[in-house]
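Hi,

Here is the structure I promised to hand over. My notes follow below it.

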Amino acid sequence: MEFISTRGGERVTGAQAIVNGMAVDGGLYVPAVFPRISAEELSAMLGMDYAERAALVLGKYLDEYDPAGLLSALRSAYANFEGDDPAPLVRMDNGMYVLELFHGPTCAFKDMALTVLPYLLREGCRLLGIDKEVLVLTATSGDTGKAALEGFAGKDGVKVMVFYPEEGVSGMQKLQMCTQDGDNVNVVAVRGNFDDCQAGVKKIFRKHRAEIGQEVLLTSANSINFGRLAPQIAYYFSAYCDLVTSSQIGMGDKVDFCVPTGNFGNILAGYYAMRMGLPVGKLLCASNRNCVLSDLWKTGTYDTKRPFWRTMSPSMDILVSSNFERLIFELSNRDGALTSERMRSLAQTGRYSLGAEELNEFRDLFYADFANEDDTVECIYDFFEEYGYPMDTHTGVAMCVANRYKKKLDDDPMSEKHPLVVLSTASPYKFPQDVLYALTGNDVKDSFKGVKRIHLLTAMKVPEAIKSVRYKPIRFKTTVSSDKMLAEVLKFIG
Ligand SMILES: *Cc1c(COP(=O)(O)O)cnc(C)c1O
């Protein structure tokens, strides 16, 4: 399968798309056409385990990869998850379903893809005959960084470097990153917010790729890399199959998904699943107080000229959702020039608008809303009180939006209703202070006190990954301003 850039003419193989990370013209790689999963293939998927389902989906895009190699890489990636299903679907007493994507080594959904990306990258290099050392450069709002570090630590021929916003991640996220083992890893804090980090990394790619490229091959583990997106498509299919095999729906019935959204990578994978033929009704895009996307849905204008709020769902504190570029490329009927123009407008003026037809289509496929901090706290509290199920703060945002959406449909006798799956993107133990506050109203100063209290209250098992971080030494303490990021990269690759 070939890939093209959202901004123009570039055309590459899947291996190149993954190895490059981002197109040379500054755009993002998208499949030249969407591959289809036929009704027969979907039926066959019912009898498969998670890794087999994922191998079928990934194989559609990465047809130059050896299918047996792909399957075995997926098997070993998901073998390190806690429990025997990497993405279990749980039925809630309110009739909704929660898709738990946090059972991986870092307790966030980023593990679903970042445990697989090292293989996709290494095999991609082999297919392209590249034997240079690879540098994986990543900006993180907290969870990607740790998942990338964990995925690549100790792997031969790769170095991984993570930039995170100094004040923009939770205490537990910071601890998880700064205690990372491995000789091939580096973690640096940046003064500023996630958008500053992401802009800094993108700038290094755009302006300094050639210079750095003399020494090492530069790529990214951010969700702009198609290798991040592809494994995420699989769990939409898998959740659907689980609904069918447990007789919750019939084959062909439509299902809605509600996704807590930041960089628009997770929900975009749902859109890709739909384009591949999965019977999806609506994709619900849930934002926190940084509600750029739900404002776009309401007004038709993407507008980043607004205050940036730090919230208790830090992985969604984003104003420039990178992967939205892939969606507007589709909404514009794949107009690379127009996409390019809009991205220029976004960079220069902080905004752009959708055309009337594009906005209609966006509203047809998606619904968007946001939950502020109080709404989120209340939702987490109520949900635990009523159903005994603790959620993390990001999932709380999504559940709040899902509840409101459901109520809206219930109030409208003409509405078309589907089963609703809420994607749970992190373990409550990853944000222990805020989750404890939501559950009890109590503040604790220390993350591990929070973990202990949540455990006492909910009896939910504490993941090994959280327990083990407690006594590890802090290895990384550097903080720089965003104009010093390049210097840190050059120092690291020496
Ligand atoms: C990254 C992340 C999100 C946002 O996902 P996007 O793909 O960036 O939209 C939501 N919740 C958690 C816990 C995350 O780590």
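**Helix packing and ligand site**

The axes of helix 13 (residues 324–331) and helix 15 (residues 356–365) come within 10 Å and cross at roughly 115°. Axes are lines fitted to C-alpha atoms, for helices over the stretch in contact, with angles from 0 to 180 degrees between N-to-C directions. Helices are DSSP runs (H or I, at least four residues), numbered from the N terminus.

This is a predicted model: local features need pLDDT of at least 70, side-chain atom pairs count only at pLDDT 80 or more, and totals for chains, interfaces and linings use all residues. Residues are numbered from 1 along each chain as its sequence is written, and side-chain values use heavy atoms, with hydrogens and water left out.

Back to the helix pair. Phe 324, Leu 327 and Leu 331 of helix 13 meet Glu 358, Glu 361 and Phe 362 of helix 15 (contact: heavy atoms within 4.5 Å). Of the residues in this contact, four are nonpolar, none polar and two charged. Here Leu and Phe count as nonpolar, Glu as charged.

Polar contacts (pairs of N or O atoms within 3.5 Å):

- Lys 110: a polar side-chain atom lies 2.6 Å from a ligand oxygen atom.
- Thr 425: a polar side-chain atom lies 2.8 Å from a ligand nitrogen atom.
- Gly 265: a backbone N or O atom lies 3.1 Å from a ligand oxygen atom.

Best wishes

Note on methods
Helices (H or I, at least four residues) and strands (E, at least two) are DSSP runs, numbered from the N terminus. A polar contact is a pair of N or O atoms within 3.5 Å; within protein, one must be able to donate a hydrogen and the other to accept it, and residues adjacent in sequence count only if both atoms are side-chain atoms.
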